[in-house]
Amino acid sequence: MTKIKQITALIEELSPLQYAEDFDNVGLLVGNSEQEVTGILVTLDCLESTVEEAIVNKCNLIVAFHPIIFKGLKKLNGKNYVERTVIKAIKNDISIYAMHTALDNSFEGVSAKMAEVLKLESKKILLPKKGFLRKLTTYVPENAADQVRDALFRSGAGHIGNYSHCSFNMRGTGTYMGNENSNPVIGHKEAVESVSENFISVIFEKDKESQIIQSLISSHPYEEVAYDIVGLENEHNRIGMGIVGELSKEMKLNDFLMLLKKEFNTPVVRHSKDTGRAIRKVAVLGGSGSFAIESAIHSNADIYVTADLKYHDFYRAEGKVVLADIGHYESEQFTKNILVEYLTKKITNFAPALPEGRIILSKINTNPINYF
């Protein structure tokens, strides 16, 4: 049978937990990772009604976008909706997993779906994440350099943008002397040895560090493997918040706003003053996106589509971009569709033990905002 930890491992291929922002609370929030999965309910928000829906559909794993537990819980008395939801899940042996900013920062995540709905082309990350890259340097005997490089590439190192198998290499001379307990592959113990070696340097994403080190050590011929890892401040062009892309042809602002209302099924779009420019370059960011207004301006976007903009946020457009607030729920509503499509494809190939049709898209509208 398929266990929860196997499902969450698949989810984390799409959005590793290391992608999440420091303030966030993601991962398995309720439940035991060793529990066998009877069914998966995918939802935007996990509420009491969602747990009830999982019970009715015999699903014991809820995969939610928003974390039901965000701040610390000091008591579980059922005095608010968070406590009641957690209590109900625990009583019915239902696990809850949340993704939130881990998926926000994925190139195939929330904002990517918004861009897909609007049919944007030439897409790039609006606000690339910094500090997520690492650089590994190691030293390998010349006759083993190819096998070590290949092992590093297979484990996920050496990817830069649209390129793979990226490395830097130099030839040099390494020296060492093993003590009486050593067992050198080249040379003899208690003797200074001089060996022709290759210097190999590769870049990798920090969430892959453990597997990359394991591959290095298992493929390296030396008894003691010399390597160093340093953090980089470089931006990662496929990890970060928001997407910026282009429409196939420019539109008038009013026509584009009508498109937003139609595609995101929102009764109202709050927006800043018309700049007078046609709309061609579009920036999008699901959820609360006021923090990226300046990035949208810097990207030369004609319009920035997001949610939760406050009164004074609209002033920050300064006639350089149109700000469009389509609503928090409306901007993230397609997230659960992403997850169902992804899990259905992955689990069909990976976990045939999970009964067919047991990945269920929640039918509950969890939007707390109503329009009059």
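**Reading the cores, a helix and a strand**

User: Which residues of the largest nonpolar core touch the most other members?

Analyst: In soluble globular proteins, nonpolar side chains tend to be buried together. In this predicted model, the largest nonpolar core holds 24 residues, and those touching the most other members are Phe256, Leu260, Val282, Val284, Ile303 and Val305.

User: Which elements give two or more residues to this core?

Analyst: They are helix 5 (110-117), strand 10 (235-251), helix 8 (253-263), strand 12 (279-288), strand 13 (303-307) and strand 14 (322-325). Helix 8 supplies the largest share, four residues. A second, separate core has 23 residues, including Ile40, Val42, Tyr97 and Ile347.

User: What does Ile303 touch, leaving out residues up to four places away in sequence?

Analyst: Its contacts beyond that range include Leu253, Phe256, Leu257, Ile279, Val282, Val322 and Ala324. For the protein chain, 74% of the contacts with a separation of 6 or more are between residues 24 or more positions apart.

User: What is found at the start of helix 3, and what just after it?

Analyst: At the start, a side-chain oxygen of Asn80 comes to within 3.1 Å of the backbone nitrogen of Val82. Just after helix 3, Asp93 has a positive phi of about 55°.

User: Turning to a strand, which residues are buried on each side of strand 14?

Analyst: Here a strand is read face by face. Val322 and Ala324 are buried on one side of strand 14, and Leu323 and Asp325 are buried on the other, so that both faces are covered.

User: Which strands pair with strand 14, parallel or antiparallel?

Analyst: Strand 13 runs parallel to strand 14 and is joined to it by four bridges. Strand 11 (residues 270-271) pairs with strand 14 in the antiparallel sense, over two bridges. Asp325 takes part on both sides: Arg270 has Asp325 as its bridge partner, and Thr306 stands opposite Asp325.

User: How many helices and strands does the protein chain contain?

Analyst: The protein chain has eleven helices and 15 strands. Of its 372 residues, 50% are buried.

Terms used
Residues numbered from 1 in each chain as written. Predicted model: local features only at pLDDT ≥ 70, side-chain atom pairs only at ≥ 80, totals over all residues. Heavy atoms only, no water. Polar contact = N/O pair within 3.5 Å; in protein donor to acceptor, adjacent residues only side chain to side chain. Core = buried A, V, L, I, M, F, W, Y, C linked by side-chain atoms within 4.5 Å. Buried < 20%, exposed > 50% of the residue type's maximum accessible area, 1.4 Å probe, protein only. Contact = heavy atoms within 4.5 Å. Pairing = 2+ DSSP bridges.
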